[in-house]
Amino acid sequence: MALIPQGPRTIAPGAVHVPGWLTRSAQRDLVAACRDWSRPPAGMTRVKTPGGRWMSVRQVCLGLHWTPYRYSRTHTDGSHVKAFPEELARLAVAAVATAYDDPGDYAPDIALINYYDSAARMGMHQDKEEHCDAPVVSLSLGDSCVFRFGNTENRNKPWTDVTLESGDLFVFGGESRFAFHGVPKTMPGTGPSDIDMGAGRLNITIRQSGIES
């Protein structure tokens, strides 16, 4: 964490990085909550792509269950997906209000929580299974990572590499809502020791699905 707090940084139109947005207390609370959400039933699992490849991250979903490239109300273990918690909704609304002068009417209802061990990566992809173009809110916990934020046309350059540390917020919407993005590497051993997480990185991605209940 920086000795001097940094303000929001615009990475691309509609894409805003806010270093150190979460307090240490808030980080500890979220780590504990992620631990609870990750327990079965409908717990943390590894996702298989349509091509038969297992993703290196492990994932748990709240509100709706994501698999490439759709949402469902049922986890792969056959159980109902855990509810999207009100505390995450409030946090995401505050995040969008921090990132944008005009946050609009943001109503998040789903979250994807990805756990990265030291070998995990995330290839360049778009978040486009949602039925609306509301902003995506991303919160980082634990080890730092390189977050690669690209363009809306393809997986190639131009892109910007941003170091995301524990407690950082990243919001992307507007012109950048469907930008390709990924995590080419994490930085093992860089997470704070006082948030009771241990090794690895957690990324909480909060979205508005636009899917009627």
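**Figure 1. Aromatic cluster of four phenylalanines in the predicted model.** Phe-147, Phe-149, Phe-170 and Phe-172 together make up one aromatic cluster. The structure shown is a predicted model. Across the structure, the count of aromatic pairs comes to five.

**Figure 2. The edge-to-face pair of Phe-149 and Phe-172.** A pair of aromatic rings is described by the distance of the centres and the angle of the planes. For Phe-149 and Phe-172, the centres are 5.5 Å apart and the planes stand at 65 degrees to each other. Phe-149 belongs to strand β10 (residues 144-149) and Phe-172 to strand β12 (residues 169-172), so the pair ties together parts of the chain that are 23 residues apart in sequence. Both Phe-149 and Phe-172 are buried.

**Figure 3. Arg-201 and the ring of Tyr-116.** The charged end of Arg-201 is placed over the ring of Tyr-116, at 5.1 Å from the ring centre.

**Figure 4. Helix α1 and its buried residues.** Helix α1 comprises 14 residues (residues 24-37). From its first C-alpha to its last, α1 reaches 20 Å, close to the 20 Å expected at 1.5 Å a residue. Its buried residues are Gln-27, Leu-30, Val-31, Ala-33, Cys-34 and Trp-37. Viewed down the axis of α1, these buried residues fall within an arc of 165 degrees, so they line one face of the helix.

**Figure 5. Elements covering the buried residues of α1.** The cover includes helix α2 (86-99). Also included are strands β4 (54-62), β7 (110-116), β9 (136-142) and β14 (201-207).

Notes. Residues numbered from 1 in each chain as written. Predicted model: local features only at pLDDT ≥ 70, side-chain atom pairs only at ≥ 80, totals over all residues. Heavy atoms only, no water. Phe/Tyr/Trp six-rings, centres within 6.5 Å; stacked < 30°, edge-to-face > 60°. Helix = DSSP H or I, 4+ residues; strand = E, 2+ residues; numbered from the N terminus. Buried < 20%, exposed > 50% of the residue type's maximum accessible area, 1.4 Å probe, protein only. Lys NZ or Arg CZ within 6 Å of the ring centre and 35° of its normal. Expected span 1.5 Å × (residues − 1). Arc of directions from axis to C-beta. Contact = heavy atoms within 4.5 Å.
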